[in-house]
Amino acid sequence: MYTQEPPVLQQHNNTDIILKLPMGKRIRDIRWLSVWCRRFTVDFGEIFIPPGLDVPKPRVLPEFKRLAHGLRSSNISILDAKTFYIPNLHYDGAGPDAYFWVGNGSEPNIMGTKVPNEIGSLEPLRGYQGEDIEIQLPGNLTVYDIDWLAVWCVEYRHNFGHVYIPKDLDVPPALGQTKITTTTTSSSVITQATNKPVNVNCKELLRGKLNVMWEVMDEYIVIELIGRIREDQYMAFGISGSHGHPQMIGADVVVAFYDRRQRRFRAEDYYMSSLAQCDGKLGVCPDERIGGKNDVEILSGDRSHGVTKIKYRRLLQTNEAVNDRAYPLDRQISVIAAIGPLNSRDEANAHTHTGTEVTVDDVQIDFASKNDHTCTDALDSYRDEDGPEPWPTRTILGEKTITARIGPTGGKRGYTPITGHPSWGIAWYMNDLLIPEIYVERGQTYTFVVEGGDETTQPAKYHPLYITSSSEGGYGQLTEAQKRRETIYAGVEYDSDGYGYPTAAGRYCEWKHKTIDRSTEIATFDEYKKTLHLSCDDPTGLPAYLNWTVVDDTPDLVYYQCFTHRNLGWKIHVVNPGETSKISGSHGLYGSSSTVLLCTLLLLALASWRITTTMQWPRVF
């Protein structure tokens, strides 16, 4: 049988190569491997294969530990030093800020690293319904560097489930992916700069879209761009081509973005010679494409809630006089900024491209300034202007007994757009309604039947109810100074040392997704609720009871919340005796008053029907 000769070995410099043995040979069938010159019968180097070699192979791990949000999987495999295979993955997608997360320690913790999902995205995880996926560790990380893989909520520092990585691994290398660099003095400086936040100065560049933070460190300027951008967009910042107005031509900027193909954040040095895409000589070009060098060193990157943060540094004065401009420290200088789409080369399109936003005013910065902070919190808004319409607020009116259970937040239609607060992925369902506004009267006593969990060793299923002045709750995790600023009306008692502890913690009942979170595609809460089912951990367990007598000096607005976690509950309106019967509105009303109103309307309709039928059909004796 004819076998094609392999090509002659070319020059290689620190190259990773995968060799496939010919004619079905296996590693146990050979004794050595060499680089051999057949013409001159010279051995350039060899390696001997020891007998009985235990060849590295994929390692099978247990499944994810099941802690929250329906997370589960089949046994997870480590395919190579950077790749995990996760079969039959289930996750409801309701976590507000959840990611694949790796790190060190006896259990998952905040000192971890985000791992891109199966498509290389660093967006919060979507829902999964039994899918088989592969994920790869970012940067220089390998499985030998970590102790666990988890699904972790960054916002609320909560572990949804994890699997431990054994120490006796012997898996195949991830050739072509792991590129470990030698530690040098320069890299040590970068590491120190990475860990130090750039938070001394901040300037808003594009309203609600892009901020820049900066700090001068020796001969470097450290810059952090914070932008509300999509993953297929870039954000750019730099020195204007002309002082006194924003000019693109002649500008020296840095273009920062998340590279989905290489699964890493990037910051590239650009020079703009004309308002056109780069053709290799002119246009909006990376310095490296036009004969220069990338003088930017990226320090860190992160993406959460649609906001991308990329930190980098460059010399105040580089050695490239043509493409780079100096950052002066003796005066203000005009700067420019833009957000726009990336092209197929992962390069910035020209600013005239549709969908690009640029600075139109003359923005000037004194880079030597201290505590120059003019940023607003617009980037931190959790409301999605392009998202679906939120569901109307539900109302409980006139009920004396109210059940309190746990359920999903309703995504972009539920907790967050209603309250303006970030969600923890779960929320209170009062009378099986998602965070309704409750109306109570002074002088009356109300009973809350609480089924939020009583297992203190399982934080994901321990949600005691209490009534408070705080719109966020979470009294149990506050500092002593913060606790003194909060007023508690029910659900907490104090021991002899003045330590507050919750009193309303019953069995755990939760409204769960039948599949994944479908809130985005469902227009009404009533239809959404049909996609849920109620599950109680212990059907024979007992609920807790919180009895609250509303005293006369109770403020008009208080909140029902979770003692152990923030942002699960919402409003209680406190009114004077008899006023609940006068309250009506367009919100969904649930309670005795609405029931009476419905019955009244039915009686009136029946009376009208009886009158009509009497007029049309005279009684016959």
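C562 is buried, with a relative accessible area of 0%. C37 is buried too, at 18%, which puts it under the 20% limit for that label. Both values come from a predicted model.

**Disulfides**

A disulfide is a covalent bond between the sulfur atoms of two cysteines. This model has two disulfides.

One joins C202 to C375, with an S to S distance of 1.8 Å. Its torsion about the S-S bond is -90°, and the link is left-handed. C202 lies in strand 11 (residues 201-206), while C375 lies in the loop between strand 22 (363-365) and strand 23 (394-397). The pair therefore ties together parts that are 173 residues apart in sequence. Both C202 and C375 are buried.

The other disulfide is formed by C509 and C536, with sulfur atoms 2.1 Å apart. The torsion about this S-S bond is about 110°, so the disulfide is right-handed. C509 sits in strand 33 (residues 509-513) and C536 in strand 34 (residues 532-536). The two cysteines are 27 residues apart, and the pair links distant parts of the chain. C509 is buried, with a relative accessible area of 0%. C536 is partly exposed, at 23%, because that label covers values between 20% and 50%.

**Salt bridges**

The whole structure holds 27 salt bridges.

| Salt bridge | N to O distance |
|---|---|
| D302 and K114 | 2.7 Å |
| E268 and R266 | 3.2 Å |
| R405 and E451 | 2.7 Å |

Take D302 and K114, which meet in a salt bridge. D302 is in strand 18 (residues 297-304) and K114 in strand 7 (residues 112-115). The pair links distant parts of the chain, 188 residues apart. D302 is partly exposed, with a relative accessible area of 29%. K114 is buried, at 10%.

Next come E268 and R266, whose side chains also meet in a salt bridge. E268 counts as buried at 13% relative accessibility. R266 counts as buried as well, at 15%.

R405 and E451 form another salt bridge. R405 belongs to strand 24 (residues 401-408) and E451 to strand 28 (residues 445-451). They lie 46 residues apart, in distant parts of the chain. R405 is buried, with a relative accessible area of 15%. E451 is buried at 5%.

Which residues are linked with R405 and E451 in a network of salt bridges? D432 and R507 are part of that network.

Terms used. Residues are numbered from 1 along each chain as its sequence is written. This is a predicted model: local features need pLDDT of at least 70, side-chain atom pairs count only at pLDDT 80 or more; totals for chains, interfaces and linings use all residues. Side-chain values use heavy atoms; hydrogens and water are left out. A disulfide is a pair of cysteine sulfur atoms within 2.5 Å. Helices (H or I, at least four residues) and strands (E, at least two) are DSSP runs, numbered from the N terminus. Buried means under 20% relative accessible area, exposed over 50%, partly exposed in between (1.4 Å probe, protein chains only). A salt bridge is a side-chain nitrogen of Lys or Arg within 4 Å of a carboxyl oxygen of Asp or Glu.
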